[in-house]
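Good morning, and thank you for coming.

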Amino acid sequence: MKIRSVVSIPKEEDYPEANEDNFRSREDGIACALSDGASESFDSKAWSIILCENFNSIVKRKKRGKFFHDGTITQFLNQAKNSFNNKYQKKTLSWSQEASFRRGSFATILGVIDHGPALELFSVGDTVAIWQKNGQLKMLSMHVDYDFNKKPILLSTLYNANNMQLLNLDRDWSIAKIKKKEIQNNEIFLLTDALAKRIIDIAKYDALGKAINIMKQNHGRLKKWIIDERSAGLLKKDDYTIVWIESND
C-alpha cells in the first residue's frame with residue numbers, strides 16, 4: 001500500500017505541537033497506524049506515538065498473511081505500555097505530573113496491515129477507516145451507526161487495566177480483513193473522530209462523492225473547509241487528521 005497524503009490540523013492553530021493525533025507508517029509499506037490521544041490524560045501525545053510505533057514494529061514481513069489474534073494484541077499492548085512507562089520512570093516529575101501519570105494515559109488506535117491481496121484493519125476506539133465498495137460507503141462494523149458523542153473505549157498505559165477483557169468484539173474494538181479487489185478506486189481513508197463524524201454524515205445525507213473529494217483535499221483547502229464547517233456549527237473543535245491510502249501501490 002502507498003500513503004498518498006497525510007493532513008493533520010490542530011485544534012489550536014497557534015499551538016501545533018499540542019496536536020494529539022499521530023500517524024506513523026513503515027518505509028516498506030507493510031503497516032501504518034493512526035492514533036488519537038485523549039486530551040484529559042497524561043501526555044497522551046507520547047502515548048499515541050508509542051502505540052503507532054509499536055503496532056508497526058510488531059508486524060513482520062515474513063508473517064504477512066497471518067492475521068492478528070488475541071495473543072498478538074496482548075503482546076502489542078504490553079510492549080507499548082512498557083515503552084511508555086520506561087520513558088517516564090527515567091524522568092523527574094513534579095508531584096502533580098506524578099499524580100497525573102499514575103491516573104494513566106489513553107488513546108485510540110487504528111492500524112492497517114498489507115497482506116498482499118488483502119488489507120487487515122485493527123481498531124480500538126473512534127478513529128475510523130472509510131472506503132467504497134460498489135458505490136457504497138463502507139467502514140468497520142463497530143463504526144456503523146456509531147455514537148460519536150459517547151466516550152469511546154481507549155487503550156491505557158495502566159498495567160492493571162486489562163483492556164482486552166473489557167472490550168467487546170465488533171463493538172468497542174474490531175478486526176477486519178478486506179480484499180483489495182473489493183476496495184473501489186483502491187482508496188481507503190483513516191480519520192480521527194471529529195472529521196469522521198462529519199464525513200459520514202455528508203456521505204449519508206448529501207453525497208458520497210462530495211465526502212470522498214473532501215478527504216482528498218490538500219492542507220490549505222481542508223483547513224479552510226474545517227474553519228467554514230466549525231463556523232456553521234457542523235464540526236466540533238478538535239484535532240483533525242485524514243490519511244489517504246492507495247491499497248494497490
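This is a predicted model: local features need pLDDT of at least 70, side-chain atom pairs count only at pLDDT 80 or more; totals for chains, interfaces and linings use all residues.

Residues are numbered from 1 along each chain as its sequence is written, and side-chain values use heavy atoms, with hydrogens and water left out.

Let us start with the sheet. Helices (H or I, at least four residues) and strands (E, at least two) are DSSP runs, numbered from the N terminus. Two strands pair if DSSP finds at least two bridges between them. In what order do the five strands of the open sheet stand? The order is β2-β3-β5-β6-β10, with antiparallel pairing. At the edges are β2, residues 21-25, and β10, residues 173-179, each of which pairs on one side only. On average, neighbouring strands of this sheet are turned by 10° against each other, direction ignored; axes here are lines fitted to C-alpha atoms, for helices over the stretch in contact, and angles run from 0 to 180 degrees between N-to-C directions.

Within the sheet, β3 (residues 31-36) and β5 (residues 109-114) pair in the antiparallel sense over four bridges. Leu-34 stands opposite Leu-110 in β5. Helix α1, residues 44-58, packs on the sheet and touches β2, β3, β5 and β6 (118-124), where contact means heavy atoms within 4.5 Å. The direction of α1 makes about 160° with that of β3.

I turn now to salt bridges. A salt bridge is a side-chain nitrogen of Lys or Arg within 4 Å of a carboxyl oxygen of Asp or Glu. How many does a search of the whole structure find? The search finds 16 salt bridges. In one of them, the side chains of Lys-11 and Asp-239 meet at 3.2 Å, N to O. Lys-11 lies in the loop between β1 (2-9) and β2, and Asp-239 in the loop between α7 (219-231) and β12 (240-246), so this pair ties together parts that are 228 residues apart in sequence.

Is Asp-239 buried or exposed? By definition, buried means under 20% relative accessible area, exposed over 50%, and partly exposed in between (1.4 Å probe, protein chains only). Asp-239 has 1% relative accessibility and therefore counts as buried, whereas Lys-11, at 22%, is partly exposed.

A second salt bridge joins the side chains of Glu-13 and Lys-223 at 2.7 Å, N to O. This pair also links distant parts of the chain, with Glu-13 in the loop between β1 and β2 and Lys-223 in helix α7, 210 residues apart. Glu-13 is exposed at 55%, and Lys-223 is partly exposed at 24%.

Finally, consider helix α7 itself. Which of its residues are buried? They are Leu-222, Trp-225, Ile-226 and Glu-229. Seen down the axis of α7, the buried residues fall within an arc of 100°, so they line one face of the helix; the arc is that of the directions from the helix axis to the C-beta atoms. An α-helix has 3.6 residues a turn, so residues three or four places apart point the same way. The buried residues of α7 pack against β1, α5 (193-205), α6 (208-215) and β12. On the face turned away from this buried side are the exposed residues Lys-224 and Ser-231.
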